[in-house]
Amino acid sequence: MITNRGICCLSLGVGSDSVKRKAVDSPEMPCRKRARNLQGTTGEGRCDFFDSLPDDLVLCILCKLSSTAYCPADFVSVLITCKRLNGLALSSLVLSKACWRMVAVKAKNWSASTHRFLKLCADAGNLEACFILGMIRFYCLQKRASGASLMAKAAIGCHAPALYSLAVIQFNGSSGSKDLRAGVALCVRAAFLGHVDALRELGHCLQDGYGVKRNIAEGRRFLIQANARELAHVLVACPYAVVPTSWIDWPNNRCDGGGCVLLSDFGCNVPAPAPHPANQFLLDWFTGPGGADLDPDFRLCSHPGCGRPETRRHEFRRCSGCGRVNYCSRACQALDWKLRHKTECSPLARWAVDGGAIEER
């Protein structure tokens, strides 16, 4: 008789009270306990339970990794680990959760595989990937239609930088013709989402009556709100380390005839914010070592954190004082004036622009 343990049998002799045991070592009947211990082990005898984990749990872990990755290399190291992780990590669920750091590609690392990775993230519905790839295609690869389409996809998802970039394109007519009302509408939406540059752009548009009915008081209010948000961002990044406390205690801080620095058109002289990865890519693409050559008839925005190039001659407006710098938007002009240009601008009596008149907005 075979026992439950499967390792012996009882042979009862006829007319005998003795019990004989013999081991069962036949290959047709393997040891059940031994087979149970072999599950979940490798050929070297070490435990490896990764294959037994359900896909849902692995996907949850990968989503958390993609949403908190510090750089693209953190995610790439997972892709090259094993075939299973590679397949699960490239699923649309994981790619749609990727944070901006994971899709912040550098111009020096641009390649066909990088392009495909961003396209996968964009197809999965990742708004940051849609915006970054849209900016690269529109300005660097000169694929205006597909680039604007990707930025529009991000804008539909309430991505504030994408909304503001589309507003700049409408103001400048980079995609064909100017549409000032559409630019103002996009700026309003981005400003509602708290985008500082959009708030500043909208404030100057209202003060100048550009694309919208002139309202100086309302424009002033938007500029003050932009200055306050800009100061708040700096305080959150490095509280009381860079910004003097006198700027916060505004009733005791007087400047330029009395008033708070936040009430000016340019705000506090706080450190320049870090450029968005899309703008940093443009800067490295056109000005970095080994970067692409820009048409000599076209100019880059003079704001050091922008990187947008002209798409046609005299698209950007120049400084009315010196004529040596040019800007893609009023927000870039106001920010660059506050950061550096106010100490460099020297008015000229007369100056020409390549034999043509300056295009004013």
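This report covers the pockets, salt bridges and cysteines of a predicted model.

**Pockets**

The largest pocket holds about 1100 Å³ of space. Its lining counts 30 residues. Nearest the centre of this pocket lie His 195, Pro 273, Ala 274, Pro 275 and His 276. Six helices each give at least two residues to the lining: α7 (127–140), α9 (160–172), α11 (196–208), α12 (216–237), α14 (277–287) and α15 (330–339). Helix α12 supplies the largest share, with four residues. By type, the lining of the largest pocket divides into 17 nonpolar, eight polar and five charged residues.

The second largest pocket has a volume of about 660 Å³. A lining of 27 residues surrounds it. Ala 104, Val 105, Lys 106, Ala 107 and Asn 109 lie nearest the centre of the second largest pocket. Helices α3 (72–79), α6 (112–123) and α14 each give two or more residues to this lining. The lining of the second largest pocket splits into 16 nonpolar, seven polar and four charged residues.

**Salt bridges**

Side chains of opposite charge can pair when their charged atoms come close. The whole structure contains eight salt bridges. Three of them are set out here.

| Salt bridge | Closest N and O atoms |
|---|---|
| Asp 55 with Arg 84 | 2.6 Å |
| Lys 119 with Asp 123 | 2.9 Å |
| Lys 338 with Glu 230 | 2.6 Å |

Asp 55 and Arg 84 link distant parts of the chain. Asp 55 sits in helix α2 (residues 55–68), Arg 84 in helix α4 (residues 83–89). They are 29 residues apart. Asp 55 is partly exposed, at 40% relative accessible area. Arg 84 also counts as partly exposed, at 21%.

Lys 119 and Asp 123 form a local pair. Both residues lie in helix α6. Four residues separate them, about one turn of the helix. Lys 119 is partly exposed, with a relative accessible area of 30%.

Lys 338 and Glu 230 pair across the sequence. Lys 338 lies in helix α15 and Glu 230 in helix α12, so their bridge ties together parts that are 108 residues apart in sequence. Both residues are buried. The pair also belongs to a network of salt bridges that links Arg 200, Glu 230 and Lys 338.

**Cysteines**

A disulfide is a covalent bond between the sulfur atoms of two cysteines. A search of the whole structure finds zero disulfides. The cut-off for a disulfide is 2.5 Å. Cys 60 is exposed, with a relative accessible area of 52%.

Cys 205 is in no disulfide either. The nearest cysteine sulfur, that of Cys 187, is 5.9 Å away. Is Cys 205 buried or exposed? Cys 205 is buried, with a relative accessible area of 1%.

Conventions. Residues are numbered from 1 along each chain as its sequence is written. This is a predicted model: local features need pLDDT of at least 70, side-chain atom pairs count only at pLDDT 80 or more; totals for chains, interfaces and linings use all residues. Side-chain values use heavy atoms; hydrogens and water are left out. Buried means under 20% relative accessible area, exposed over 50%, partly exposed in between (1.4 Å probe, protein chains only). On a 1 Å grid over the protein atoms alone, a cavity is a set of points where a 1.4 Å probe fits but cannot get out, and a pocket is an open set with protein on both sides within 12 Å along at least five of seven lines; lining residues have an atom within 4 Å of a point. Grid points are joined across faces, edges and corners, and a volume is the space filled by probe spheres set on the points. Ala, Val, Leu, Ile, Met, Phe, Trp, Tyr, Cys and Pro count as nonpolar, Asp, Glu, Lys and Arg as charged, and the others, Gly among them, as polar. A salt bridge is a side-chain nitrogen of Lys or Arg within 4 Å of a carboxyl oxygen of Asp or Glu.
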